[in-house]
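Please walk through this protein with the sequence and the model side by side.

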Amino acid sequence: MAKSDKSIHNICLASIKRYTGNLTKQKCSRVGFILITMLNKKMSAYNLLISEVSCLNCYRQYPGRIQFKFGSTAYLQYHIGDKIQWGVNDTGTSGLNKVKVYGIVETDKCPLCNSNNIVEDFDIFINNDIILNVKEMENVECYLKEGNSEYVVLER
Ligand SMILES: [Zn+2]
């Protein structure tokens with residue numbers, strides 16, 4: 001399963017869990033809407049952020065390849081401090097003050113100890129199109145609440 005499929009899968013699961021408490025007809029259609037949105041997104045390209053990530057098993061760091069969709073989505077490779085490019089197959093809007101972007105690591109296992117006990121989901125923080133840092137994801141739900149699975153605008 002491609003990693004972008006996996007992020008879709010994770011968001012779908014989170015949204016279904018959120019609604020399974022009391023499933024009304026409206027809530028079912030909301031879940032359906034989210035699923036269709038996710039599947040449509042799956043068909044577009046993504047970018048990569050190359051950044052050190054820590055393994056939860058051996059506690060060592062390795063260069064993670066974190067997929068995300070913001071700016072031109074065209075398999076571009078970025079590092080912390082790089083400026084987001086625009087103009088081709090754009091996701092989002094350029095020049096936003098603060099944005100948090102959904103990132104998901106490409107590999108399922110730590111390349112150093114082969115453990116699958118790794119952080120897979122990340123928040124990538126982008127201010128004025130500059131990639132500031134990347135952190136373990138705090139909450140996947142906020143990406144749903146904004147009505148866009150790829151990024152959340154924190155400050156316009
Ligand atoms: Zn490890």
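**From a hairpin to the core**

In this predicted model, strands S1 and S2 pair in the antiparallel sense, and 8 bridges link them. The two strands form a hairpin, with 6 residues between them. Within that turn, Tyr-59 has a positive phi of about 65°. At one point of the pairing, Ser-54 stands opposite Gln-61 in S2.

Strand S2 also pairs with S6, again in the antiparallel sense, but here over 2 bridges.

Is Ile-104 buried or exposed? Ile-104 lies in strand S6, and it counts as buried because it has 21 C-beta neighbours inside 10 Å, where 20 or more are needed. Gly-64 is 40 residues away from Ile-104 along the chain, yet the C-alpha atoms of the two are separated by 9.6 Å.

Next comes the interior. In soluble globular proteins, nonpolar side chains tend to be buried together. The largest nonpolar core of this model has 24 residues. Those that touch the most other members are Leu-49, Ile-66, Phe-68, Phe-70, Val-101, Ile-124 and Ile-126. Which elements supply at least two residues each to this core? They are strands S1 (47-54), S2 (61-68), S6 (98-105), S7 (121-127) and S8 (130-136), together with helix H3 (141-145). S6 gives the most, with 5 residues.

Ile-126 gives a local view of how parts of the chain come together. Leaving aside neighbours within four places in sequence, Ile-126 is in contact with Phe-70, Ile-84, Val-99, Val-101, Ile-131 and Leu-132. Among these partners, Phe-70 and Val-101 are also named with Ile-126 as core residues that touch the most other members.

Finally, step back to the whole chain. The secondary structure comes to 3 helices and 9 strands. Read from the N terminus, the elements run α-α-β-β-β-β-β-β-β-β-α-β. Of the 156 residues in the protein, 28% are buried. Taking contacts between residues at least 6 apart in sequence, 62% join residues at least 24 apart.

Technical notes:
Residues numbered from 1 in each chain as written. Predicted model: local features only at pLDDT ≥ 70, side-chain atom pairs only at ≥ 80, totals over all residues. Core = buried A, V, L, I, M, F, W, Y, C linked by C-beta atoms within 7 Å. Buried ≥ 20, exposed ≤ 12 C-beta atoms within 10 Å, placed from the backbone. Helix = DSSP H or I, 4+ residues; strand = E, 2+ residues; numbered from the N terminus. Contact = placed C-beta atoms within 7 Å. Pairing = 2+ DSSP bridges.
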